[in-house]
Amino acid sequence: MFLHKTLFLSDIHLAADTPDLFEKFSKFIKRIDQTVHAIYILGDLFDTWIGDDELTGFHQEVIKLLQQITKSCPVYFLPGNRDFLIGKRFIQQSGVQFLPDETKILLYNTPILLMHGDTLCTKDVRYLKARRVLRHPLFKRFFLSLPLILRQKFAKSLRKKSLRHTKTVLPEIMDVEQKSVECKLLQHKVAYLIHGHTHKPAYHEFILDKQIRSRYVLGAWHDPSPAILSWSEDGTKYFIPF
Ligand code: MN
């Protein structure tokens with residue numbers, strides 16, 4: 001007999017100009033066997049997503065790869081800060097199931113909160129301000145109505161800005177703030193939180209309200225070992241070696 005398990009991953013950052021990441025992701029998908037109950041992708045599957053209508057050969061390759069797995073194993077997708085514009089067409093074509101950010105699931109009788117993680121970085125005020133604008137439904141609608149070429153230009157300049165921001169802002173500003181983590185755990189009444197985004201894979205344990213709380217941070221795929229979390233039906237959890 002084998003134990004069933006559920007896998008959590010994030011921050012794959014797939015892009016046409018980084019075929020090695022696609023290779024890695026493709027290997028991972030092809031290794032999924034019947035012991036895997038479900039896969040949760042917690043944001044930033046793509047390095048950028050500017051609309052479902054930008055359907056390049058690369059995008060089609062990713063969709064084909066996902067189709068292979070979603071037929072036999074449910075794959076859930078929760079948007080990240082890079083691919084929050086993923087829309088219905090991609091969801092339908094790939095067969096993934098959409099989850100909004102901050103979703104509480106019940107996994108093998110354990111309630112777990114799933115987030116991308118960017119909204120926990122509450123010390124990064126400049127980023128959160130920009131996020132509010134970018135995520136506004138009106139902005140999204142306006143942006144998606146622009147010609148592809150303009151959206152590509154905008155995405156490029158945003159990436160440059162973000163790179164500059166990451167280089168100039170202190171690393172602790174861009175990490176999650178403990179009090180925001182605690183706030184979310186209390187709000188959703190959970191002991192477990194899984195998120196990505198910070199690219200600082202780790203397991204954090206602390207006491208809050210006399211209860212042990214656990215926070216799992218998933219890793220980015222440009223690291224040699226991307227820190228994918230495996231949660232077995234008997235409750236054992238570990239980062240799988242890649
Ligand atoms: Mn992110």
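This is a predicted model: local features need pLDDT of at least 70, side-chain atom pairs count only at pLDDT 80 or more; totals for chains, interfaces and linings use all residues.
Local features were taken at pLDDT of at least 70 and side-chain atom pairs at pLDDT 80 or more, while totals for chains, interfaces and linings use all residues. Residues are numbered from 1 along each chain as its sequence is written, and side-chain values use heavy atoms, without hydrogens and water.

The axes of helix α1 (residues 19-30) and helix α2 (residues 57-70) come within 10 Å and cross at roughly 15°. Helices are DSSP runs of H or I with at least four residues, numbered from the N terminus, and axes are lines fitted to C-alpha atoms over the stretch in contact, with angles from 0 to 180 degrees between N-to-C directions. The crossing angle makes α1 roughly parallel to α2 (angles under 35 degrees). To the contact (heavy atoms within 4.5 Å), α1 contributes F22, F25, S26, I29 and K30, and α2 contributes F58, E61, V62, L65, L66, Q68 and I69.

S94 lies in helix α3 (residues 88-94) and is buried, with a relative accessible area of 1%; buried means under 20% relative accessible area and exposed over 50%, with a 1.4 Å probe and protein chains only. Apart from neighbours within four places in sequence, S94 is in contact with I63, L66, Q67 and T70.

In helix α4 (residues 125-134), Y127, L128, R131 and L134 are buried. Seen down the axis of α4, the buried residues fall within an arc of 120° and so line one face of the helix; the arc is that of the directions from the helix axis to the C-beta atoms. These buried residues pack against α5 (137-145) and α6 (148-168), whereas V125, R126, K129 and R132, on the other side of α4, are exposed.

Notes: Helices (H or I, at least four residues) and strands (E, at least two) are DSSP runs, numbered from the N terminus. Angles under 35 degrees count as roughly parallel, over 145 as roughly antiparallel, 65 to 115 as roughly perpendicular and the rest as oblique.
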